[in-house]
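Here are some notes for a reader opening this entry for the first time. Please keep the sequence and the 3D view at hand while going through the points.

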Amino acid sequence: MGTYWTNCGRKINARIVQKSPNVLNLSIENTELVQERLLRLKLAAALLFLYAFLILVPTGWNQLWIHGIFVVLLGGVAYSYTKIVKNENLVLVKDFALQYSTHFIGGGAKNVLIPIKHIHDVVINEVFHNLKVVFSLSVLTKGNLFKNQPIVTLLNHLNPRVDCLEMIYNELHNILSLEND
């Protein structure tokens with residue numbers, strides 16, 4: 001498939017893992033994962049250095065406040081470290097379902113399964129975000145199962161640019177052969 005860019009300017013690698021007339025397995029990988037990890041680790045090291053400096057240098061501040069502030073800051077850095085996205089996958093089985101999964105560096109995963117009978121269409125949607133136009137891949141759903149969420153946005157963590165989304169859109173439509181009811 002190839003190397004693409006996200007809306008934020010990061011490199012991603014999109015590839016088809018498996019393709020047959022009835023199954024499509026796409027993977028979007030974060031190629032700048034190591035740099036993001038190092039950035040978070042440098043931030044944590046800088047906070048620890050500042051914490052050690054403030055503890056060792058006598059000040060008139062209450063030491064309990066310093067401990068509390070740095071625990072909260074380090075907790076925030078640790079939380080953001082675990083939420084770095086490793087990859088996002090789309091698995092489409094023609095007569096069964098579309099599964100969208102996001103894998104995080106902390107070991108967590110987020111999965112969404114949409115049965116084929118509840119998929120109305122797959123579209124590339126234009127979204128205005130922070131005074132820019134951003135494109136996203138969305139599934140329009142139908143039926144009572146998705147009454148509260150009629151639009152499911154796919155690949156919303158890595159946010160590939162429109163050229164990558166068009167490639168994924170074409171592959172999904174080739175497998176689905178959607179018939180609008």
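**Notes on a helix pair, a surface patch and a strand end**

1. Helix H1 (residues 33-56) and helix H2 (residues 63-82) pack with their axes 10 Å apart, at an angle of about 175°. Angles over 145 degrees count as roughly antiparallel, and H1 and H2 are therefore roughly antiparallel to each other. The model is a predicted one.

2. Which residues of H1 meet H2? On the H1 side the list includes Arg37, Arg40, Leu41, Leu43, Ala44, Leu47 and Leu48, and also Leu50, Tyr51, Leu54 and Ile55. Their counterparts in H2 are Gln63, Ile66, His67, Phe70, Leu73, Leu74, Val77, Ser80 and Tyr81.

3. A nonpolar patch lies on the surface, formed by Leu50, Phe53, Ile55, Leu56 and Val57. Together these residues have about 450 Å² of accessible area. Leu50 and Ile55 of this patch are also among the H1 residues that meet H2.

4. Is leucine 56 buried or exposed? This residue belongs to H1. Its relative accessibility is 72%, so leucine 56 counts as exposed.

5. Phenylalanine 104 is located in strand S5 (residues 97-104). With 10% relative accessibility, phenylalanine 104 counts as buried, because buried means under 20%.

6. What does phenylalanine 104 touch, leaving aside residues up to four places away in sequence? The contacts are Thr82, Lys83, Ile84, Val85, Lys86, Ala109, Lys110 and His157. Asparagine 156 is 52 residues from phenylalanine 104 in sequence, and the C-alpha to C-alpha distance between them is 13 Å.

Terms used
Residues are numbered from 1 along each chain as its sequence is written. This is a predicted model: local features need pLDDT of at least 70, side-chain atom pairs count only at pLDDT 80 or more; totals for chains, interfaces and linings use all residues. Side-chain values use heavy atoms; hydrogens and water are left out. Patches are made of residues with over 30% relative accessible area and no salt bridge: like charges are joined within 9 Å, nonpolar side chains (Val, Leu, Ile, Met, Phe, Trp, Tyr) within 5 Å. Accessible areas come from the Shrake-Rupley method with a 1.4 Å probe; for residues, only the protein chains shown count as cover. A salt bridge is a side-chain nitrogen of Lys or Arg within 4 Å of a carboxyl oxygen of Asp or Glu. Helices (H or I, at least four residues) and strands (E, at least two) are DSSP runs, numbered from the N terminus. Buried means under 20% relative accessible area, exposed over 50%, partly exposed in between (1.4 Å probe, protein chains only). Axes are lines fitted to C-alpha atoms, for helices over the stretch in contact, and angles run from 0 to 180 degrees between N-to-C directions. Angles under 35 degrees count as roughly parallel, over 145 as roughly antiparallel, 65 to 115 as roughly perpendicular and the rest as oblique. Contact means heavy atoms within 4.5 Å.
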